[in-house]
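Biologist: I would like to go through this protein with you step by step, beginning with a term we need and then asking about one part after another.

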Amino acid sequence: MSSISSSIVKVTALSGAYDDSPPSYLLQVDQFRFLLDCGWDEHYDVEKLSNLKKQVHQIDAVLISHPDIYHLGALPYAYGKLGLTCPIFVTVPVYRMGQMFLYDLYQSRYNSEDFTLFNLDDVDGVFDHMTKLKYSQTFRLQGKGQGLAITPLPAGHMVGGTIWKIVKDDEEEIVYAVDFNHRKERHLDGAMFESLSRPHLLIIDAQNTLTAQERRKERDQKLISTIQSTLRNNGNVLLPVDTAGRVLELAQLLESQWRNADKGLHAYTIALLNNVSCNVMDFAKAQVEWMSEHMMKMFEDNRTNPFQFKHIKLCHSLSEVNQLNSPKVVLASFPDLETGFARELFASWSSATQNSVIFTSQSSLGTLARSCMNSPPSSMELEMKRRVLLSGKELEEFLQKKEEDKEVARLQEEVSSSDSEDEGMETDQFHSKKGFKHDFIRIDEKKNKHQFFKSAAIYHLMYPCNEERIVYDDYGEQIRYEDYVTTDQPKEEKQDPFEEPIEPQPEEEQELPSKCIVTKELVDIKCSFSYVDYEGRSDGESIKRILTVVKPRQIILVHGTEEASLHLKEFCLKTLDLPEEKVFVPKLGECVKITSDIRVRQVKLRDSLMCHVSFAPAKEMDLAWVDCQINYEEPLDKGEGGDKEEALPILDALPPTKTPEHSTIFINPPRLSDFKHILNKAGYEAEFSGGALICNHKVAITRPEGGRICIEGAISEDYYRVRELLYKQFAIL
């Protein structure tokens with residue numbers, strides 16, 4: 001059978017269906033549910049996560065394919081606000097670079113607005129749940145996922161990019177491949193599809209089905225010529241790029257051009273600007289082994305790291321960029337121009353005719369970058385958000401409120417500490433003597449004697465005793481050196497000889513009070529715009545060629561416009577010769593049931609049926625014959641989502657009077673060569689002669705062409721014992 005024959009497989013599109021929105025899909029294999037990517041777009045609209053919110057508590061594991069916002073941007077919100085707590089599986093570079101993406105995103109948003117969707121603690125909490133894997137490393141799930149194994153394979157596009165292979169019982173393969181690139185680049189090798197042959201299910205994106213890429217040489221020449229002409233015209237060049245993904249490919253290209261003396265570009269300044277630029281390059285230096293053979297060869301031949309840049313300056317603020325000599329080239333985040341340093345540079349540079357803005361990737365509809373790429377206006381009103389320090393009366397009010405908050409917190413702490421103190425001891429005779437003085441501790445003397453609630457606790461008098469808290473470490477009670485100092489010597493502070501000297505730590509800088517302001521600026525758009533495709537994704541022809549090589553048995557097309565998805569579906573039906581029921585193009589929120597047309601069904605069994613069922617072992621499973629009738633119950637509500645759970649058929653036992661008789665069925669017939677060893681272990685002399693297995697020269701066992709096993713021989717004790725051993729090899733129903 002050409003489809004998955006022993007698993008219940010369902011795929012639900014939470015995002016990225018019939019459009020180019022970020023990919024996010026729920027894959028169910030039997031009772032285990034994977035979340036395939038958890039992306040967010042540039043608008044960070046919570047409403048777009050409504051489908052995820054309905055399913056979040058059913059997710060058992062998350063698989064992330066790339067480190068950018070489009071593939072993991074919603075994870076901090078899902079963990080911090082929606083309650084997602086399951087493990088996340090990533091490759092090592094996705095773990096490192098994913099942190100850089102989210103740190104840069106949060107800091108950019110915080111610098112311009114009161115960003116409350118998530119904070120840095122949410123980001124750190126997400127990465128604490130991550131399990132890091134290497135390429136081709138198989139990880140076998142336990143517990144609810146018993147029998148499932150996941151393996152990351154190289155996908156290209158970004159460092160650490162992953163094609164996920166999910167295997168059930170070492171037989172059935174499900175492959176999830178989105179945003180892959182089969183071509184070799186400067187810093188990455190292509191995607192690896194060689195090990196994927198005839199998977200049972202392939203989930204693949206159709207985003208670039210209708211596009212055709214230029215050759216790499218032509219693309220590089222177009223980019224460099226645009227930069228050269230702008231610089232020689234005394235203009236600045238802005239390249240809006242991502243934080244730690246495709247920017248590495250561009251940085252390698254531009255650094256090589258700046259090192260080439262014939263290009264004459266070394267006289268100009270080039271800079272990489274984002275909040276974590278130094279950290280990104282440090283991580284890139286440590287992950288050369290995950291990159292292309294070209295990078296490894298550069299490292300081995302030159303004995304220098306290919307990301308040790310000589311010409312590209314790493315900057316973290318606009319003030320650092322402004323100090324660089326002009327004209328200059330700046331690679332700034334983010335590519336959508338909605339926030340970050342790229343938006344601020346665009347606002348200040350776009351009014352000069354000699355400047356250029358070069359886009360290297362497509363942004364979502366409705367973003368500033370997309371509107372400038374499609375039809376740049378002559379002028380526009382930009383909404384600029386900035387965080388500024390408080391001053392004057394606002395600063396005084398802020399400091400006054402801060403002092404009031406501190407006072408309230410101090411009073412609350414005093415109340416809580418006084419409530420936690422041990423109650424004083426009292427007796428009736430001391431209460432009867434007014435003004436009596438004694439040397440016992442009575443803390444309640446300091447409090448009001450008249451309390452609204454009467455305490456039922458009984459307290460006993462104690463002499464004053466301040467018990468010191470004993471401090472322990474890994475080696476026991478800590479030694480106090482002052483206890484061993486003689487009184488005739490002056491006390492000196494002695495350092496523990498086993499401890500390293502403690503260096504004075506600089507005081508943590510307190511965050512200065514600030515606020516966010518919004519201004520609208522009218523900007524004249526006079527700079528030039530151009531687009532050069534450096535997205536690093538396979539184009540339409542390449543996707544079709546890959547499909548003809550992989551030859552999947554069933555396909556789900558996701559993450560593409562309706563036109564692109566239907567075009568690729570038509571190709572699969574005609575060229576791959578797949579029936580229409582094997583090619584799926586789910587819509588947003590639609591659940592695709594891969595097992596709807598085969599003999600595997602999920603059912604519920606009544607206890608009245610199970611108590612009369614007797615199982616027979618057969619290899620790694622148990623089998624039983626049941627005579628029953630099928631009933632249905634009303635579907636149950638899932639709860640918050642409002643959807644109803646699919647009604648499963650229920651098997652009820654038939655009455656004894658209606659139970660039909662059936663002939664005995666023998667399952668799992670043994671091979672005669674294996675049965676020969678069983679007979680030898682049981683003490684029988686067994687050997688093959690003329691295609692038959694002869695036992696003690698009395699019993700012959702043959703296997704005709706029909707596949708049935710025949711046993712012949714004289715009626716004897718050996719005949720019945722051999723037949724009994726043979727029956728034990730079957731599962732008899």
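Modeller: Before we start, buried means under 20% relative accessible area, and please keep in mind that we are looking at a predicted model.

Biologist: With that cut-off in hand, how many residues of strand S8 are buried?

Modeller: Strand S8 covers residues 148-154. Leu 148, Ile 150, Pro 152 and Pro 154 point one way from the strand, while Ala 149, Thr 151 and Leu 153 point the other way, and residues of both groups are buried. In a regular strand the side chains alternate between the two faces of the sheet. Strand S8 is largely enclosed by the rest of the structure, because the number of its residues that are buried is seven of the seven.

Biologist: Which residue in strand S9 is the bridge partner of Ala 149?

Modeller: On one side, two bridges join S8 to strand S7 (residues 139-140) in an antiparallel arrangement, and there Arg 140 stands opposite Ala 149. S8 also pairs with strand S9 (residues 162-168) in the antiparallel sense, over seven bridges. In S9, the bridge partner of Ala 149 is Val 167.

Biologist: Let us move to charged pairs: how many residues apart are Lys 515 and Glu 394?

Modeller: These two residues form a salt bridge, with their closest N and O atoms 2.9 Å apart. At 30% relative accessibility Lys 515 counts as partly exposed, and Glu 394 is also partly exposed, at 37%. Lys 515 lies in strand S20 (residues 514-524) and Glu 394 in helix H13 (residues 392-420), so the pair links distant parts of the chain, and the separation is 121 residues.

Biologist: Which helix holds both Arg 410 and Glu 407?

Modeller: The side chains of Arg 410 and Glu 407 meet in a salt bridge of 2.4 Å, N to O. Arg 410 is partly exposed, with a relative accessible area of 37%, and Glu 407 is partly exposed at 35%. They are three residues apart, about one turn of the helix, and both lie in helix H13.

Biologist: Are Glu 535 and Arg 537 buried or exposed?

Modeller: Glu 535 and Arg 537 join their side chains in a salt bridge of 2.9 Å, N to O. The relative accessibility of Glu 535 is 8%, and the relative accessible area of Arg 537 is 10%. Both values fall under the 20% cut-off, and so Glu 535 and Arg 537 are buried.

Biologist: Finally, what is the accessible area of the nonpolar surface patch that includes Met 610?

Modeller: Met 610 is found in helix H17 (residues 607-610), and at 33% relative accessibility Met 610 counts as partly exposed. The patch is formed by Val 603, Leu 605, Met 610 and Phe 615, and together their accessible area is about 340 Å².

Notes
Residues are numbered from 1 along each chain as its sequence is written. This is a predicted model: local features need pLDDT of at least 70, side-chain atom pairs count only at pLDDT 80 or more; totals for chains, interfaces and linings use all residues. Side-chain values use heavy atoms; hydrogens and water are left out. Buried means under 20% relative accessible area, exposed over 50%, partly exposed in between (1.4 Å probe, protein chains only). Helices (H or I, at least four residues) and strands (E, at least two) are DSSP runs, numbered from the N terminus. Two strands pair if DSSP finds at least two bridges between them. Patches are made of residues with over 30% relative accessible area and no salt bridge: like charges are joined within 9 Å, nonpolar side chains (Val, Leu, Ile, Met, Phe, Trp, Tyr) within 5 Å. Accessible areas come from the Shrake-Rupley method with a 1.4 Å probe; for residues, only the protein chains shown count as cover. A salt bridge is a side-chain nitrogen of Lys or Arg within 4 Å of a carboxyl oxygen of Asp or Glu.
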